[in-house]
Amino acid sequence: MPKTAPTAKDAHIREYLGTPTDLKADAVKEVAAGLADTLADVFALYVKTKNFHWHMSGRHFRDYHLLLDEQSAQIFAMTDPMAERARKIGGTTLHSIGEISRRTQVLDNDALYVTPEDMLAELRDDNLALTTRMRKVHAVCDDANDVATASLLENWIDETERRTWFLFEATRPAFGKND
């Protein structure tokens, strides 16, 4: 496959934002794009989790309210390291809310009322989808020999799996029932 000449935009980014790295330029572009897509999902999931935290009601209010506050803080804590990782390798990251909106796969929920069970189930599924997306970016990192980004993703995957587990357990209809 013949290499294409760098565009003026690529040259400008490399000149003004390009951090020195031993990773190949194509790998930097792919990893940074994967991180930006994932970061868009992380921001969207953060806002959705806070939305449900703020609008929680019902007999388990305190437990669920605190659970979602804890989870939203953990999700938000991913944002800066994720964006900075893309910059460390010479890539770029998100620029705006509009870009987040265009890149995210997390669906909004603007309903005036959502039952607590539906909130938790929706967040469970969103966290599970985030894990899948991060695993795909991890594979890109493996191909690029970007072990540092892969290592960060491994920790974030573990945190996301824990959130999924807690949400799963909170949405089970009865003890010992796994469907």
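Among contacts in the chain between residues at least 6 apart in sequence, what percentage join residues at least 24 apart? In this predicted model the figure is 79%, where a contact means heavy atoms within 4.5 Å. Residues are numbered from 1 along each chain as its sequence is written. Because the model is predicted, local features need pLDDT of at least 70 and side-chain atom pairs count only at pLDDT 80 or more, while totals for chains, interfaces and linings use all residues; side-chain values use heavy atoms, with hydrogens and water left out.

The chain has 7 helices and 0 strands, and reads α-α-α-α-α-α-α along the sequence. Helices here are DSSP runs of H or I with at least four residues, strands are runs of E with at least two, and both are numbered from the N terminus. Of the 179 residues, 39% count as buried, that is, under 20% relative accessible area; exposed is over 50%, and partly exposed is in between (1.4 Å probe, protein chains only).

Now to the inside. The largest nonpolar core holds 38 residues, and Leu 68, Met 82 and Met 134 touch the most other members. Such a core is a set of buried Ala, Val, Leu, Ile, Met, Phe, Trp, Tyr and Cys residues joined through side-chain atoms within 4.5 Å. At least two core residues come from each of helix H2 (25-54), helix H3 (61-76), helix H4 (79-88), helix H6 (116-144) and helix H7 (147-171). H2 gives the most, with 11 residues.

H4 deserves a look of its own. Its buried residues are Thr 79, Met 82, Ala 83, Arg 85 and Ala 86. Seen down the helix axis, they fall within an arc of 150°, so they line one face of H4; the arc is that of the directions from the helix axis to the C-beta atoms. The background is simple: an α-helix has 3.6 residues a turn, so residues three or four places apart point the same way. H2, H3 and H7 are among what covers the buried residues of H4. Leaving aside neighbours within four places in sequence, Met 82 is in contact with Leu 35, Thr 38, Leu 39, Val 42 and Trp 156. Glu 84, also in H4, is partly exposed, with a relative accessible area of 40%. After H4 comes Gly 90, with a positive phi near 95°.

Leu 35 sits in helix H2 and is buried, at a relative accessible area of 1%. Not counting residues up to four places away in sequence, Leu 35 touches Met 82, Arg 85, Ala 86, Val 137 and Thr 149. For Leu 35 and Glu 84, 49 residues apart in sequence, the C-alpha to C-alpha distance is 9.9 Å.

Next, the second largest pocket, with a volume of about 340 Å³. Of its 15 lining residues, Phe 43, Ala 44, Val 47, Lys 48 and Asp 108 are the closest to the centre. H2 and helix H5 (97-103) are the elements that give two or more residues to this lining, and H2 gives the most, with 6 residues. On a 1 Å grid over the protein atoms alone, a pocket is an open set of points where a 1.4 Å probe fits, with protein on both sides within 12 Å along at least five of seven lines; lining residues have an atom within 4 Å of a point.

Definitions and conventions: Grid points are joined across faces, edges and corners, and a volume is the space filled by probe spheres set on the points.
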